[in-house]
Amino acid sequence: GIKLLAISGSLRQKSSNTALMNAIIGLAPESMKCNIYEGLGDLPHFNPDIDVDEGPAPVRELRKQLMEADGVLFCTPEYGNGVPGVLKNALDWLVSTTVIMNKPTAVISASPSPMGGDKAHASLLLTLNMINAEIVEKGTLIIPHITMKMNSDGAITDAELKQELLAVLQELEQACLLKHEAYKHDN
Ligand code: FNR
């Protein structure tokens with residue numbers, strides 16, 4: 001089956017983006033193995049000087065988890081009109097690698113604001129494109145007014161949003177399956 005790695009850009013206990021990520025995972029078919037990357041807050045600050053011998057242990061773990069994934073899902077908030085520092089830090093550790101290259105990737109931003117974190121979303125895409133992630137067509141979503149679309153337990157209460165999340169997940173799955181097929185034919 002397909003292996004998905006899900007990454008939330010928020011460290012907050014009650015994060016709406018983490019709740020969103022979990023909701024999407026909850027919609028996944030049984031054939032899809034979903035792993036959550038938990039190490040964002042433990043990564044050292046990016047510094048090429050310490051990127052020797054495969055890098056520090058938490059960095060090796062991040063790279064390994066990405067390498068083993070067929071597809072990647074990002075759910076991120078926006079801070080100060082940009083990508084949260086912790087998430088950008090993680091991506092900086094990937095620039096010298098090919099671990100996300102050609103990997104089907106879905107990108108979601110959510111915010112209580114009417115803009116839905118569109119600046120962080122755009123900025124995240126810039127970086128992901130630079131490291132050659134394959135952004136899935138129809139695999140991106142900018143979600144405004146997120147607090148009005150989930151309850152205090154983080155469950156999605158908005159039917160339209162639920163449909164949109166399912167659609168993103170299905171597009172991502174399709175892209176991963178296509179890649180699998182292409183790989184089989186090439187080898
Ligand atoms: C924010 N927030 C925010 N939202 C946004 O859409 N654009 C922004 O630039 C910012 N900037 C920002 C700065 C700071 C210091 C804070 C504390 C918050 C609001 C942010 O979207 C909101 O807190 C979300 O709930 C954060 O996402 P999680 O943690 O719920 O996933």
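This note goes through the fold, the sheet, the ligand shell and a few single residues of a predicted model.

1. Basis. The model is predicted: local features need pLDDT of at least 70, side-chain atom pairs count only at pLDDT 80 or more, and totals for chains, interfaces and linings use all residues. Residues are numbered from 1 along each chain as its sequence is written.

2. Annotation. Over residues 2-145, 31% is helix and 23% is strand, and the end C-alpha atoms lie 31 Å apart. Helices (H or I, at least four residues) and strands (E, at least two) are DSSP runs, numbered from the N terminus.

3. Sheet. Five strands form an open sheet in the order β2-β1-β3-β4-β5, with parallel pairing. The edges are held by β2 (33-36) and β5, each with a single partner strand, so one side of each has no neighbour in the sheet. From one strand to the next the twist averages 15°; axes are lines fitted to C-alpha atoms, for helices over the stretch in contact, and angles run from 0 to 180 degrees between N-to-C directions. Two strands count as paired if DSSP finds at least two bridges between them.

4. Strand β1. Five of the six residues of β1 (residues 3-8) are buried, and the strand is mostly covered. A residue is buried if 20 or more other C-beta atoms lie within 10 Å of its own, exposed if 12 or fewer, and partly exposed in between, with C-beta atoms placed from the backbone. Four bridges join β1 to β2 in the parallel sense, and L4 stands opposite C34 in β2. The chain crosses from β1 through helix α1 (residues 16-27) to β2 in a right-handed β-α-β crossover. Right-handed here means that, with the strands pointing away from the viewer, the path from the first strand over the helix to the second runs clockwise. On the pairing with β3, β1 has five parallel bridges, and I7 has F74 of β3 as its bridge partner.

5. Strand β4. Seven of the seven residues of β4 (residues 104-110) are buried, so the strand is largely enclosed by the rest of the structure. In a regular strand the side chains alternate between the two faces of the sheet. Here P104, A106, I108 and A110 point one way, T105, V107 and S109 point the other way, and all are buried.

6. Partners of β4. Strand β3 (residues 71-76) pairs with β4 in the parallel sense over five bridges. F74 stands opposite V107 in β4, and the bridge partner of T76 in β4 is S109. With strand β5 (residues 134-143), β4 pairs in the parallel sense over six bridges, where T105 stands opposite I135.

7. A right-handed β-α-β unit is made by β3, helix α3 (residues 85-92) and β4. Another right-handed β-α-β unit consists of β4, helix α4 (residues 118-130) and β5.

8. Ligand shell. There are 15 residues around the ligand, of which S10, S15, N17, P77 and S111 come nearest. A residue is near a molecule or strand if its C-beta atom, placed from the backbone, lies within 6 Å of it. By class the shell has nine polar, four nonpolar and two charged residues. Ala, Val, Leu, Ile, Met, Phe, Trp, Tyr, Cys and Pro count as nonpolar, Asp, Glu, Lys and Arg as charged, and the others, Gly among them, as polar.

9. Residue L62. This residue lies in helix α2 (residues 57-68). L62 counts as buried because it has 25 C-beta neighbours inside 10 Å. L62 and K138 are 76 residues apart in sequence and 26 Å apart in space, C-alpha to C-alpha.

10. Positive phi. Two loop residues deserve a look. D53, in the loop between β2 and α2, has phi near 50°, a positive value in a residue other than glycine. D53 is exposed, with 7 other C-beta atoms within 10 Å. N102, in the loop between α3 and β4, has phi near 60°, again positive in a residue other than glycine. With 11 C-beta neighbours inside 10 Å, N102 counts as exposed.
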